[in-house]
Each structure stands twice: as C-alpha cells, then as structure tokens.
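This report looks at how parts of a protein chain pack against one another. Please keep the sequence and the structure in view while reading.

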Amino acid sequence: MELWVPITIFAAFCQNMRSALQKHLRGRLSTSGATFSRFFYAVPFAALYATGLAVLAGYPMPQPNGAFFGYALLGGLTQIIATALLLYLFGFRNFAVGTTYSKTETVQTAIFGIVILGDPIGLGASIAILVSLVGVMAISVATTDIRARNLLQSLTEKTALIGIASGAFFGISAVSYRGASLSLGGEGFLMQAAFTLACVTVFQTLVMAVYMRLREPGQVTAVFRAWRVSAWAGITGMIASACWFTAMTIQNAAYVRALGQVELLFTFAASIFLFHERPNRFEVTGIALVVAGILLLLLH
C-alpha cells in the first residue's frame, strides 16, 4: 500500500472529529467564529510540528521562494472563499442544489491539477473519480426531493453556480497547497508539508481575525472563552490538515481528495451504529458508488 493512502484515510477520520467539535461550538459561536477557532488554535500546534521536525528529526528548514508564497497565499485565500460560499448557500431555500454541485470539487481538482501543475490523470483514475462523484451527489440529495432531472434543470440557477464556484475554489486550494509544498524542493516531504501548513495556517488566522474584528465584533473574545472545546478543534484540525498536506505533497491532489471521500463512510457508519438511523436507498446506493470509486482508484 502506498504511503499516501493511510495518511489520507487518517486525515479524513481526523476531519470528521474536527467537524463534530465545530458543530458543538456552533451553540456558543457564530459560523465564522467556529471556523476561526479551527485556524487560531491550530497555529501553535502547526508551528510546533514544523519545529519538531527540524530540531528532533533533523530536517532542514525550507527556504521559501516567490513560487511558494504565491501558491500558499492562493491556497489560503481560495479555501476561505470556498468555505464562505458554502456557508452562504445555507441562506437560500434551495441550498441543497448548491451544496450538491459543490461536490464537483474532486473533478475540478483534477482539472486544475492538470492546468496549474501539469499533474496527469489516467483513464482509470478519471473513471474512479467520476463514479465516486455520482455517489457523493446521490448521498447529498438522498434526504431531499431533488433527483437527477431536477439537478440538470437547476444547473443555471444561482445556488448551483455558487456551489460549482465553491467546488472550484476548493479545487484550486488543494492544487495550490500541493504546488506550495513542491516548490520548496528537497527530499523531506514531511517538512515540505509541515512548513506549508504552518505558513498557511498563520495567514488564514490573520485574515479571519481581521474579518471578524470588522464584521463580527465580540466573536474573537468568544473564541477565547470557548478555549476548552476550541483547542481540541484546533488540534484535530491541525492533524487532519497535516495529513492532507503530506498526502498532497507525495500524490496528485485529485487522487487525495477522491480517496478523502472515505470520510462519508465514517459518517455513514456512525449514523447507523451510534445513532441507529435507517438509511434510504439513495444513501445506500451513494455509499456503494463511493466505495466502488475508491476501490477503482486504489486498484487502477
């Protein structure tokens, strides 16, 4: 098994934990506040991780260049924009259409990977990504009255276009992070990923802090007060991001994001075994397609 596979699966698991903690925080903080807590409390851990690799493991600290800063800033900004667009969708009555189209992130990541970094996508991987995409979209509409025909008819609606834009920005972000790590050069992919993560996390924290101070005064203080849960959100978020960045440093970002959909399997399993929920046929079909897509990706 290639190293990027278990790293990506662990990243998806940690992201599930971070998401659960952020949902818990939504009772005390705004949506932006919960998002900010993820960045703010991750900064010291990201810095310690990169420093530890340098001091304890002997990895040389990278020398950033213009390409690194360009990719890192682009990745950090596009991730914030993508998240903002996704949150904006929830203000619409038919937000399900938009969130479903945002799932095209994996396909768009593949396209941007080819355009920006020249990362090739084989036929087998392309089929695997498309199969899992259909599965994810099926899960997204499983509890709504939206079906394939409705989705196609809604393609030009505002919510659909916002969802596609969100997926595009997430795709650009993933490819940019890979580009930032690779631009550092050297053989130590762990340090490349760790250094990129630390720089991006600091940048995103500063951007979010300025935004919150201007648009949601008082939320930064609320984040400080909720430090007990927020710190755990930061730790799990940092671990998840470190794994994502590491996997995307050693493998095509589109492959990593496609395999990362294993997160849905964790959520699906929890809903059945922990919350005793009964899935409908669209959810079962969607999960089956996601599993098939992941297997095709790993076996191609």
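## A threonine and its surroundings

Does Thr 78 count as buried or exposed, and why? In this predicted model, Thr 78 has a relative accessibility of 5%, and because buried means under 20% relative accessible area, Thr 78 counts as buried.

Thr 78 belongs to helix α4, which covers residues 66–89. When its neighbours within four places in sequence are left aside, Thr 78 is in contact with Phe 169, Ile 172 and Ser 173. A polar atom of the Thr 78 side chain also lies 3.5 Å from the backbone nitrogen of Ser 173.

## Helix α9

Helix α9 is made of 26 residues, 158–183, and spans 37 Å from its first C-alpha to its last, which is close to the 38 Å expected at 1.5 Å a residue. This helix is mostly covered, since 20 of its 26 residues are buried. After α9 comes Gly 185, whose phi is positive, near 70 degrees.

## The nonpolar cores

The largest nonpolar core holds 47 residues, and the members that touch the most others are Trp 4, Trp 244, Phe 245, Met 248 and Leu 297. Helix α12, residues 227–250, supplies the largest share of this core, with 8 residues. Apart from this core lies another one, of 14 residues, including Phe 36, Phe 39, Met 208 and Ala 222.

Technical notes: Residues numbered from 1 in each chain as written. Predicted model: local features only at pLDDT ≥ 70, side-chain atom pairs only at ≥ 80, totals over all residues. Heavy atoms only, no water. Core = buried A, V, L, I, M, F, W, Y, C linked by side-chain atoms within 4.5 Å. Buried < 20%, exposed > 50% of the residue type's maximum accessible area, 1.4 Å probe, protein only. Helix = DSSP H or I, 4+ residues; strand = E, 2+ residues; numbered from the N terminus. Expected span 1.5 Å × (residues − 1). Polar contact = N/O pair within 3.5 Å; in protein donor to acceptor, adjacent residues only side chain to side chain. Contact = heavy atoms within 4.5 Å.
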